[in-house]
Amino acid sequence: MVGRRGVRRSVLGALALAAAVVLLAAAGNAAQRASLAARAQRILEALLVWRLVDELDLREDQIARIFPHLRALKYARIEFAERRLSAQREIRRLLAVRPVDRSQVEAQLRALEAAQAEFRRRRAAALAGIRTALTVEQQARFALIQETFERDTAALLEDVRRFVEQRGGRE
């Protein structure tokens, strides 16, 4: 049996992907696709805020205080994913060359570790900012949903990114 929150997450995911599909289906060229992908991201942000409003019963002033932190968390995730993928691609390339240049591989590993540390720092700052806008009861509810909220957010961002990538190859 799917609980109320499970249904919400499914609806949220379906709405985010539907928004991306509708926006990107209308795009004819690369510039339009980039513009519409940005709009899909804004729709996704609105859906994430809606989920928090619904689950935490947020007031308008709290929404205004939380939104910049949600946006910062989203951008931290996106930038970390890009840096991680870039470092992983470079590590794979370096490992394919014989003999392996240890110093270059180590440099890429350090870059990957630095990206992870930077993401953890930015994530902690964003989450702390979110918590400061919440009452104690809301903080407790957020603590209970935080892990699934972040996992769902990351999955939705990845779904939209993948859809945009796949759609981007079509003219």
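**Terms and their grounds**

Reply: Pro 99 lies in the loop that runs between helix H3 (60-96) and helix H4 (102-132). The model is a predicted one.

Me: What is the peptide bond from Arg 98 to Pro 99, cis or trans?
Reply: The bond from Arg 98 to Pro 99 is cis, its omega being near -5°. Most peptide bonds are trans.

Me: Why is Asp 57 called exposed?
Reply: Exposed means over 50% relative accessible area; Asp 57 has 58% relative accessibility and therefore counts as exposed. Asp 57 is in the loop between helix H2 (30-56) and H3.

Me: How do you know that the span of H4 agrees with its number of residues?
Reply: The expected span is 1.5 Å times one less than the number of residues. For the 31 residues of H4 this gives 45 Å, and the end C-alpha atoms are 45 Å apart, so the two agree.

Me: Which residues of H4 are buried?
Reply: Buried means under 20% relative accessible area; the buried residues of H4 include Val 105, Leu 112, Phe 119 and Ile 130.

Me: Which residues touch the most other members of the largest nonpolar core?
Reply: Of its 19 residues, they are Leu 52, Leu 56, Ile 66, Leu 70, Ile 130, Leu 134 and Phe 142. At least two residues of this core come from each of H2, H3, H4 and helix H5 (136-168).

Conventions
Residues are numbered from 1 along each chain as its sequence is written. This is a predicted model: local features need pLDDT of at least 70, side-chain atom pairs count only at pLDDT 80 or more; totals for chains, interfaces and linings use all residues. Side-chain values use heavy atoms; hydrogens and water are left out. Helices (H or I, at least four residues) and strands (E, at least two) are DSSP runs, numbered from the N terminus. Buried means under 20% relative accessible area, exposed over 50%, partly exposed in between (1.4 Å probe, protein chains only). A nonpolar core is a set of buried Ala, Val, Leu, Ile, Met, Phe, Trp, Tyr and Cys residues joined through side-chain atoms within 4.5 Å.
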